[in-house]
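Q: Could you take me through the reading of a protein model, feature by feature, with the general idea before each case?

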Amino acid sequence: MVKKLFIYIFIYTLLVGCNTQNPLTNDVCESDCYLDVEAPSLQIDESGYYHIEWLEGYNQTFSTLDANTGSTFLVQKVYWNSDSGIEYGGEFVSCVNPASYTNNGIAHTVMAVWEEMIGDTLTIYAGYYDDCSNKRVDSIKVVVDNEI
């Protein structure tokens, strides 16, 4: 009896996944999750571009980035990527860590820039799948400035 109940619950879970309509109630999954990427420790200009100042004398300059998902009851895996990086040891190294997890709806990652990037505008992407399996994607632009 208990085994049949577990099998029924498993099959029901497969049929009622949030990305589909519930076949028993015709409910559609709705999510109020979102994705908002920001760089809270960097200055932002009137065009919405963030600015990071290269620190002379260092190999890299770092900043943290946040991704607010609006999902406070689930832990979400957020993926990060960038259109910029460097070649190191024969492999491409992105300027952001590839993944992080949310805590209270916010994921954090580290962005690193190298001297070769001074004057460049980087695009940083973040994305995740919400509790209804909707793909959420956002991006920011970061300008690498030389220290003033």
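The dialogue below turns to the disulfide, the cysteines, the nonpolar core, strand pairing and backbone torsions.

Q: What should I keep in mind about the kind of model and its numbering?

A: This is a predicted model, in which local features need pLDDT of at least 70 and side-chain atom pairs count only at pLDDT 80 or more, while totals for chains, interfaces and linings use all residues. Residues are numbered from 1 along each chain as its sequence is written, and side-chain values use heavy atoms, with hydrogens and water left out.

Q: How many disulfides does the structure hold, and which cysteines are joined?

A: A disulfide is taken to be a pair of cysteine sulfur atoms within 2.5 Å. The structure holds 1 disulfide, and this bond links Cys29 with Cys132 at an S to S distance of 1.8 Å. The torsion about its S-S bond is about -70 degrees, so the disulfide is left-handed.

Q: Where do Cys29 and Cys132 lie?

A: Helices (H or I, at least four residues) and strands (E, at least two) are DSSP runs, numbered from the N terminus. Cys29 belongs to the loop between helix 1 (2–15) and strand 1 (36–38), and Cys132 to the loop between strand 10 (121–129) and strand 11 (135–146), so the pair ties together parts that are 103 residues apart in sequence. Cys33, by contrast, is in no disulfide, the nearest cysteine sulfur being that of Cys132, 7.5 Å away.

Q: Is Cys132 buried or exposed, and what of the other cysteines?

A: With a 1.4 Å probe and protein chains only, buried means under 20% relative accessible area, exposed means over 50%, and partly exposed is in between. Cys132 is buried at 3%, whereas Cys29, at 22%, is partly exposed. Cys33 is buried at 5%, and Cys95 is buried at 1%.

Q: Which residues have the most contacts inside the largest nonpolar core?

A: A nonpolar core is a set of buried Ala, Val, Leu, Ile, Met, Phe, Trp, Tyr and Cys residues joined through side-chain atoms within 4.5 Å. The largest such core has 27 residues, and those with the most contacts inside it are Trp80, Met111 and Ile124. Two or more residues each come from strand 3 (50–54), strand 4 (60–68), strand 5 (77–82), strand 9 (106–114), strand 10 and strand 11.

Q: What does Ile124 touch?

A: Contact means heavy atoms within 4.5 Å. Residues up to four places away in sequence not being counted, Ile124 touches a set that includes Leu65, Trp80, Cys95, Met111, Ile140 and Val142.

Q: How many bridges pair strand 4 with strand 9?

A: Two strands pair if DSSP finds at least two bridges between them. Strand 4 and strand 9 are antiparallel and pair over 9 bridges, with Thr64 opposite Val110 in strand 9. Strand 1 also runs antiparallel to strand 4, joined by 3 bridges, and Val37 has Ala67 in strand 4 as its bridge partner. Thr109 lies in strand 9 and is buried at 3% relative accessible area; beyond its neighbours within four places in sequence, its contacts include Ser63, Thr64 and Leu65.

Q: Where does Asn104 lie, and what is its phi?

A: Asn104 lies in the loop between strand 8 (99–101) and strand 9, is exposed at 60% relative accessible area, and has a phi near 55 degrees, a positive value in a residue other than glycine. Ser133, in the loop between strand 10 and strand 11, likewise has a positive phi, near 65 degrees, and is partly exposed at 40%.
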